[in-house]
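Subject: A structure for you to explore

Hi,

Here is the structure I promised to pass on. Have a look at it first, and then read on for what turned up in it.

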Amino acid sequence: MSENIRISTLETTDGASGSFGAYLAKPQETPKAAIVVIQEIFGVNAGIRRKCDKLAEAGYLAIAPDLFHQFEDGIELDPDIPDEMDKAMGLFGKFDQDQGVRDIAATIAHARKATGGGKVGAVGYCLGGRLAYMTAARTDSDASVGYYAVGVDNLLREKDAIANPLMLHIAEEDGFVDKETQAAMHEGLDGHPKVTLHDYEGMDHGFATEFGDRRSEEAAQIADERTAQFFARHLA
């Protein structure tokens, strides 16, 4: 069962507040935990909603916050359409990531309340992969996963704040994450007791997307199974 909901933003220092939309997918039975699904640069589109639906099928309450509400509500883009890819890249350049993490924190709080104080994890893709790393460092997420996270080398100064388990899936031929960046991720994180990195030989950015030309079925299934086992161990 799924629905569109509203989530209250975290109150700012000047007392301002508001709300943003989110896609919610519920399991048939009582959820064993909740997972926040963090969008790519394409908004909460059909692929992200499918990620939520699959998590609900696995017994989790899944919520995908509309982080692009910074610009307008309900942005949905298709990476296989050149004009929409260009728009997505433009939005990425203007996106306030700190505000995005605050919205994720608000979503985690909403999910924790909805599950009666149960565990809440997070999983993100692309931009969402980067935000998953930031979520692990800046929020009380119980376990976080990032797929093909961009720019993590610039966030390694935050690694000591990671207190709960984090898994990162790295595409070795990622057009947006070069080999130097991947090497920096390994150098900075391989020794971290809470962080696990997995590399995917020959894979490009977006290999685990649900729909479209970027998906690699074999690699996506391997990564998703690792993610499922990770959440089963740390959340369920």
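Predicted model: local features only at pLDDT ≥ 70, side-chain atom pairs only at ≥ 80, totals over all residues.

**The aromatic rings**

How many aromatic pairs does the structure hold? There are nine of them. In one, the rings of Tyr125 and Tyr148 have centres 6.5 Å apart and planes at 50°, so this pair is tilted. Tyr125 belongs to strand E5 (residues 120-125), while Tyr148 is in the loop between strand E6 (143-147) and strand E7 (166-171), so the pair links distant parts of the chain, 23 residues apart. Both partners are hidden away: Tyr125 is buried at 5% relative accessibility, and Tyr148 is buried at 1%.

Tyr148 also pairs with Phe207. Here the ring centres are 5.4 Å apart and the planes stand at 70°, so the pair is edge-to-face. Phe207 sits in the loop between strand E8 (195-200) and helix H6 (217-234), and Tyr148 in the loop between E6 and E7, so this pair ties together parts that are 59 residues apart in sequence. If you colour Tyr125, Tyr147, Tyr148, Tyr200 and Phe207, you will see one aromatic cluster.

**Charges over rings**

Tyr147, from that cluster, has the charged end of Lys51 over its ring, 5.9 Å from the centre. Another lysine, Lys32, lies over the face of Tyr60, at 5.0 Å from the ring centre.

**Around Ala236**

Lys32 and Tyr60 come up again beside Ala236. Which residues does Ala236 contact, leaving aside neighbours within four places in sequence? They are Lys32, Tyr60 and Phe231. Ala236 lies in the segment after H6, and Ala236 is exposed, as its relative accessible area is 54%. Along the chain, Ala236 and Tyr60 are 176 residues apart, yet their C-alpha atoms are separated by 8.6 Å.

**The sheet**

Eight of them form an open sheet with mixed pairing, in the order E1-E2-E4-E3-E5-E6-E7-E8. Strand E1 (2-8) and E8 stand at the edges with a single partner strand each, so one side of each has no neighbour in the sheet. From one strand to the next, the twist averages 20°.

What holds neighbouring strands together in general? Strands of a sheet pair through backbone hydrogen bonds, and the pairing can be parallel or antiparallel. In this sheet, strand E3 (residues 34-38) and E5 run parallel and are joined by five bridges. You can find Ile35 standing opposite Gly121 in E5.

**The cysteines**

How many disulfides are there? The count comes to zero. As a reminder, a disulfide is a covalent bond between the sulfur atoms of two cysteines. For Cys52, the closest cysteine sulfur is in Cys126, 16 Å away, which is too far for a bond, because a disulfide needs the two sulfur atoms within 2.5 Å. Cys126 is likewise in no disulfide, with the sulfur of Cys52 as its nearest cysteine sulfur. Cys52 is buried at 0% relative accessibility, and Cys126 is buried too, with a relative accessible area of 7%.

Enjoy exploring!

Best wishes

How values were computed
Residues numbered from 1 in each chain as written. Heavy atoms only, no water. Phe/Tyr/Trp six-rings, centres within 6.5 Å; stacked < 30°, edge-to-face > 60°. Helix = DSSP H or I, 4+ residues; strand = E, 2+ residues; numbered from the N terminus. Buried < 20%, exposed > 50% of the residue type's maximum accessible area, 1.4 Å probe, protein only. Lys NZ or Arg CZ within 6 Å of the ring centre and 35° of its normal. Contact = heavy atoms within 4.5 Å. Pairing = 2+ DSSP bridges. Axes fitted to C-alpha atoms, helices over the stretch in contact; angles between N-to-C directions.
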